[in-house]
Structure formats: C-alpha cells, structure tokens
Amino acid sequence: MRYEFVASSRGLSAEDLERLIERLSWSVPSEGLRVELKGDKVRVLVEGPARPIDYVRLAVQSALSEVMGPRPYRTEVRVRDLLPQANSMPADLLAEALRRRGFGSEAQDDVVRTHAPLDVVKEVAFALVKVWNEVITHKELSRSARKAVALASFMTSRPVSELIEVGVREGVLSKSKANKVLAVTDWVSAADRIRRSVGLG
C-alpha cells in the first residue's frame, strides 16, 4: 500500500528534515519512505503493508508536530456560526474529527481552533453534522454515547443504528436500568473501540 500526506513546511530546515525522516522511520516502519520539500509544502510518501489510514496519518502528524514544534492555529470557527442548522453539535466532536484528518485542533466552549484550512473545516463539519443530526434522534443515548457513535460513524461511514448495536453488543456502550445507553469509557476511546469492532482498524 502507498500512503501520501502533504503538510505546510514553513520554518522547516534541512536539519529538521533529517529529524523528520529519522522520526518517521521509527514510528512508521515501512518498505519505502520518501520525504520531499516542494515550495512551502512537505510531501511524505510511505509504502508498506496495508494498515488503517488513520494510524499512518496520526503517526505522520505526530512526527511533524514533534519536529516542527507548536505552531499557531490558522483557523478559528464558532460552531453555531459555521453550522446554524446543527442542533447543538459539540465543538469537541468537530475538533476530534479534524484531528482524525491529521490536523492539530482544540475546542473551548463553542469555538474550534485548528491547523486545518477553512475549506477543510467546512467539509468535515458538514459531513459530521449529518451524522450528528441522525444520532440525536436516538433519545436513549447519553451525550458521551452520542459523541462516540457520531465519531465512529464519521470514521467508518457505517449507519448510526448499526454502530449503536455493535457498541452495545461489544460492551462499549451499556444500557442503564433507566434504559439510557451510556459509554463505558471516555467517548473518544469508545468511538475507537466501536470502529475496531466493525473491522476498521
């Protein structure tokens, strides 16, 4: 399999490039690794056995972050301004979805700050809100369970109802005596466990 990633290389020196290659060689074992500088972009090519794309993307992003150090966020959005049609979609859900696309992100209240360009933020937000609006129709889900199922659906493109069933069956989601469905761990870990349970990573 061949994986390709492109990121901003602003401020990346020749020494940083060497450190990046060394770090990637250690964190993403591969049959072939190439790192190229083109203008203000760095292009990373990884060839090797098939593995979850999220795993490779996060490893590359982590190596880039470590080598380049902290950078100021380039985009700041208020979720209710970006998605007026969204029914209270949490900002931390959008921030986590952006991280799964390889962009450093953080959420505070209703605001998301991210390294992703605005067009990517919009693309991810519009895909995510479709899932979120379906998830909130399942009134039995607690807020953390909703976020877990929404993120799992975003990552796998599987139907929400199927992922709820998988989560309950695998013990990732638990039904309370009041018939409420709760996440048994934090919602991000729950989403990852649901994703793995449907055979994706």
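Strands are DSSP runs of E, at least two residues long, numbered from the N terminus. The views below come from a predicted model.

**View 1. A sheet of three strands is open and antiparallel.**
The strand order is β4-β6-β5. β4 and β5 are the edge strands, and each pairs on one side only. Neighbouring strands are turned against each other by 15 degrees on average, direction ignored. Helix α4, residues 91–100, packs on this sheet. The helix touches β5 and β6. Its direction makes about 180 degrees with that of β5.

**View 2. Strand β4 pairs with strand β6.**
β4 covers residues 75–78, and β6 covers residues 111–114. Four bridges join the two strands. They run antiparallel. Find E76 in this view: R113 of β6 stands opposite.

**View 3. Strand β5 pairs with strand β6.**
β5 spans residues 105–108. Four bridges link β5 to β6, and the two run antiparallel. E106 has R113 in β6 as its bridge partner. Q108 is partnered with V111 of β6.

**View 4. D109 sits in the loop between β5 and β6.**
The hairpin of these strands has two residues between them. D109 takes a positive phi of about 55 degrees, although it is not a glycine. Is D109 buried or exposed? Its relative accessibility is 75%, so D109 counts as exposed, the cut-off being over 50%.

**View 5. N179 lies in the loop between β7 and β8.**
β7 is residues 173–175, and β8 is residues 181–183. N179 is a residue other than glycine, yet its phi is positive, near 65 degrees. N179 counts as exposed because its relative accessibility is 55%.

**View 6. Helix α8 spans residues 187–197.**
Which residues of α8 are buried? They are W187, V188, A190, A191, D192, I194 and R195. An α-helix has 3.6 residues a turn, so residues three or four places apart point the same way. Now move just past the helix. G199 takes a positive phi of about 85 degrees there.

Key. Residues numbered from 1 in each chain as written. Predicted model: local features only at pLDDT ≥ 70, side-chain atom pairs only at ≥ 80, totals over all residues. Heavy atoms only, no water. Pairing = 2+ DSSP bridges. Axes fitted to C-alpha atoms, helices over the stretch in contact; angles between N-to-C directions. Contact = heavy atoms within 4.5 Å. Buried < 20%, exposed > 50% of the residue type's maximum accessible area, 1.4 Å probe, protein only.
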